[in-house]
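Start with the sequence and structure shown here.

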Amino acid sequence: ILHWRPNAGTSVNTQILTEISQCVESINGVKDGTWKNTLSFYKPIIKEQANASEFPQNYLGISLQGHPNKYYMLIREERLIIEAESSLQKIMETLQSYKLRVTLIFEGFQYQLDDFRVRVGKAVPNNSENMRGIIMEIEYLPISSWEISHQIMGEFFDIWKEALGKRSLPGHFVHIEPNFAEYGLSDQYTSQHTAVQYDIIITQMVATAISSQGIRI
């Protein structure tokens with residue numbers, strides 16, 4: 001999963017997103033529907049200060065369109081990722097142990113390029129059109145091994161950078177190498193790996209916003 005890092009003094013906007021989508025189509029990407037993933041940040045409701053240490057400081061809840069019956073909880077401080085039934089989200093709300101801070105919606109178009117699936121989309125707060133970021137997912141379908149697919153993905157990314165570079169857009173895509181082993185995940189790629197990458201993307205979006213705009217997400 002890649003995150004768009006705007007040049008200094010610039011920000012993400014609809015025109016950049018449109019040009020990126022057009023670039024995917026220019027290298028023979030065929031539009032294949034839409035996609036939407038939801039990330040929600042929760043903080044604990046501490047009723048008694050003495051119990052504060054019993055709860056993680058916060059957690060990230062993730063719903064992925066490709067896995068509608070699953071819900072992912074990620075606790076960054078503990079390097080913990082939990083995959084559960086989607087009903088867990090309702091249970092957590094009923095328990096009232098955590099309060100929703102903010103929800104980000106990631107949505108856009110999906111493309112097929114031979115053996116690759118590419119998703120390009122924007123990040124916006126729930127009930128808002130104020131774009132906070134642009135991301136791109138690249139998936140090599142024939143191989144589920146993260147290590148084996150690395151070289152192939154790297155070659156694809158080189159082609160993509162060359163095509164995108166011709167458009168002289170004010171920024172570039174960045175990929176932060178995830179350490180899946182920290183979360184106890186194996187080399188075989190799963191939706192839990194995707195959830196971990198989204199947490200990294202969120203961290204990068206906040207860092208970019210603070211450094212380039214002086215704002216907080």
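The second largest pocket is lined by 15 residues. Phe41, Asn58, Arg76, Arg101 and Ile202 lie nearest its centre. A pocket here is an open set of points on a 1 Å grid over the protein atoms alone, where a 1.4 Å probe fits, with protein on both sides within 12 Å along at least five of seven lines; lining residues have an atom within 4 Å of a point. Strand E3 (59–64), strand E6 (98–113) and H4 each give two or more residues to this lining. H4 gives the largest share, four residues. Helices (H or I, at least four residues) and strands (E, at least two) are DSSP runs, numbered from the N terminus.

This is a predicted model: local features need pLDDT of at least 70, side-chain atom pairs count only at pLDDT 80 or more, and totals for chains, interfaces and linings use all residues. Residues are numbered from 1 along each chain as its sequence is written, and side-chain values use heavy atoms, with hydrogens and water left out.

Now turn to the largest pocket. Its lining has 34 residues. Ile138, Glu139, Met153, Tyr189 and Gln197 lie nearest the centre. Among the elements that give two or more residues are strand E8 (133–140) and helix H4 (191–213). H3 gives the most, with six residues.

Gln197 deserves a stop. The residue sits in helix H4. Is Gln197 buried or exposed? Gln197 counts as buried because its relative accessibility is 4%, where buried means under 20% relative accessible area, exposed over 50% and partly exposed in between (1.4 Å probe, protein chains only). Leaving aside neighbours within four places in sequence, Gln197 is in contact (heavy atoms within 4.5 Å) with Ile1, Trp146, His175, Pro178, Phe180 and Tyr189.

Rings come next. The count comes to 10 aromatic pairs. Rings of Phe, Tyr and Trp (its six-membered ring) pair if their centres lie within 6.5 Å; planes under 30 degrees apart count as stacked, over 60 as edge-to-face and the rest as tilted. Phe116 and Tyr140 have ring centres 5.0 Å apart and planes at 45°, so the pair is tilted. Phe116 lies in strand E7 and Tyr140 in strand E8, so the pair ties together parts 24 residues apart in sequence. Phe180 and Tyr189 form an edge-to-face pair, 6.2 Å centre to centre, with 80° between the planes. Phe180 is buried at 6%, whereas Tyr189 is partly exposed at 28%. Ring pairs also link Trp4, Trp160 and Phe173 into a cluster.
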